[in-house]
Amino acid sequence: MPEGDTVYLAAARLRAALEGKTLTGSDFRVPRYATVDLRDQVVESVGSYGKHLFIRTPTVSIHTHLKMEGTWRIFHCGQRWTKPRVTARLVLRTAEVEAVGFSLGKVEVVRVGDEHRIIDHLGPDLLGPDWDVAEAVRRLERYPDQPIGVALLDQRNLAGIGNVFRSEICFLRRVHPVTPVADVPDLLALVHEAHRVLTEAVRKPPRRELIYGRTHRPCQRCGTPIARALLGDPAPASDRIAYRERGIYFCPRCQPVPGS
């Protein structure tokens with residue numbers, strides 16, 4: 001699933017292409033919004049919050065989420081699209097370009113004033129202008145027995161970390177992903193590390209993974225073969241947390257299991 005840096009950079013590209021421009025047409029290939037017509041509206045701003053992206057006009061905000069396979073691409077008018085047309089879920093046109101959202105996991109149109117309802121439950125945005133490290137730590141500490149590898153993925157704690165970054169952050173801090181939040185040696189430093197890693201990812205793309213996807217390859221610190229295990233991650237289900245397991249990578253030597 002695309003992570004916070006991917007969405008942030010997508011918003012930057014859309015901002016450069018659309019902000020301040022008048023739409024000559026819109027094509028919502030989602031039944032619920034098929035009749036929405038934004039022709040002649042000006043794109044006032046484009047922004048992101050965690051993994052959520054917003055394109056705003058004077059009347060509405062277009063909210064999209066990439067989920068697993070979504071992507072935004074910009075084409076000059078008349079240019080051939082580089083992905084199958086059948087996968088396009090939203091097209092926004094100006095006199096110069098077409099912004100096409102392919103395989104978007106979510107597309108919805110809300111009033112600008114209602115945007116907050118989509119993100120109110122989320123923790124601080126690691127790449128946002130109002131990043132609040134103290135609030136992120138406070139939210140993580142609410143569930144002291146939760147594995148840090150699970151807690152980092154929970155967008156209600158801090159927004160923007162996905163499966164890649166949780167592996168990278170734990171490796172950089174030499175913390176095993178199953179370590180309970182309460183047992184992380186320096187939780188504040190770990191959250192600062194998360195902010196640093198994502199910030200660097202948007203300043204110097206493309207990012208280079210130190211450990212993610214490197215199963216059986218030598219650790220870049222000590223040479224020990226990298227291991228992969230399954231670790232649950234949170235998905236809202238009523239008032240409880242349900243879990244599905246996803247792969248997480250770690251160095252058995254640099255990141256020993258707690259108590260070993």
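1. The second largest pocket holds about 280 Å³ of space. The model is predicted, so read every value here as computed from it. Of the 14 residues that line this pocket, those closest to its centre are Glu 168, Val 197, Glu 200, Arg 207 and Arg 208. Two elements give two or more residues to the lining: helix 5 (163-172) and helix 6 (187-203).

2. What classes of residue make up the lining of the second largest pocket? There are 7 nonpolar and 7 charged residues, and no polar ones. Glu 168, Glu 200, Arg 207 and Arg 208 count among the residues closest to the centre.

3. Now take the two helices as a pair. Two packed helices are described by the angle between their axes and the distance between the axes. For helix 5 and helix 6 the angle is about 125°, and the axes lie 10 Å apart. Helix 5 is therefore oblique to helix 6. The crossing of these helices is right-handed.

4. Which residues meet where helix 5 packs on helix 6? Helix 5 brings Phe 165, Ile 169 and Leu 172. Helix 6 brings Leu 190, Glu 193, Ala 194, Arg 196, Val 197, Leu 198 and Ala 201. By class, this contact has 8 nonpolar residues, 2 charged residues and no polar residues.

5. Helix 3 makes the contact through Val 133, Ala 136, Val 137 and Leu 140. Helix 6 answers with Leu 187, Leu 188, Val 191 and His 192. By class, the contact of helix 3 with helix 6 has 7 nonpolar residues, 1 polar residue and no charged residues.

6. How many cavities of 30 Å³ or more are there? The count comes to 1. The largest cavity has a volume of about 30 Å³. Its lining is made by Gly 4, Tyr 8, Ser 48, Gly 50, Asp 125, Leu 127, Ala 159, Gly 160 and Leu 198. By class, that is 4 nonpolar, 4 polar and 1 charged residues.

7. Two backbone details deserve a look. Most residues other than glycine have a negative phi, and most peptide bonds are trans. The peptide bond from Pro 205 to Pro 206 is cis, with omega near -5°. Pro 206 sits in the loop between helix 6 and strand 9 (227-237).

8. Where does Ser 103 lie? Its place is in the loop between strand 7 (97-102) and strand 8 (106-111). Phi of Ser 103 is near 50°, a positive value in a residue other than glycine.

Definitions and conventions: Residues numbered from 1 in each chain as written. Predicted model: local features only at pLDDT ≥ 70, side-chain atom pairs only at ≥ 80, totals over all residues. Heavy atoms only, no water. 1 Å grid on protein atoms, 1.4 Å probe; cavity = no way out; pocket = protein on both sides within 12 Å on 5 of 7 lines; lining within 4 Å. Points joined across faces, edges and corners; volume = space filled by probe spheres on them. Helix = DSSP H or I, 4+ residues; strand = E, 2+ residues; numbered from the N terminus. Nonpolar A, V, L, I, M, F, W, Y, C, P; charged D, E, K, R; others polar. Axes fitted to C-alpha atoms, helices over the stretch in contact; angles between N-to-C directions. Parallel < 35°, antiparallel > 145°, perpendicular 65-115°, else oblique. Left-handed = near helix turned anticlockwise from the far one by under 90°. Contact = heavy atoms within 4.5 Å.
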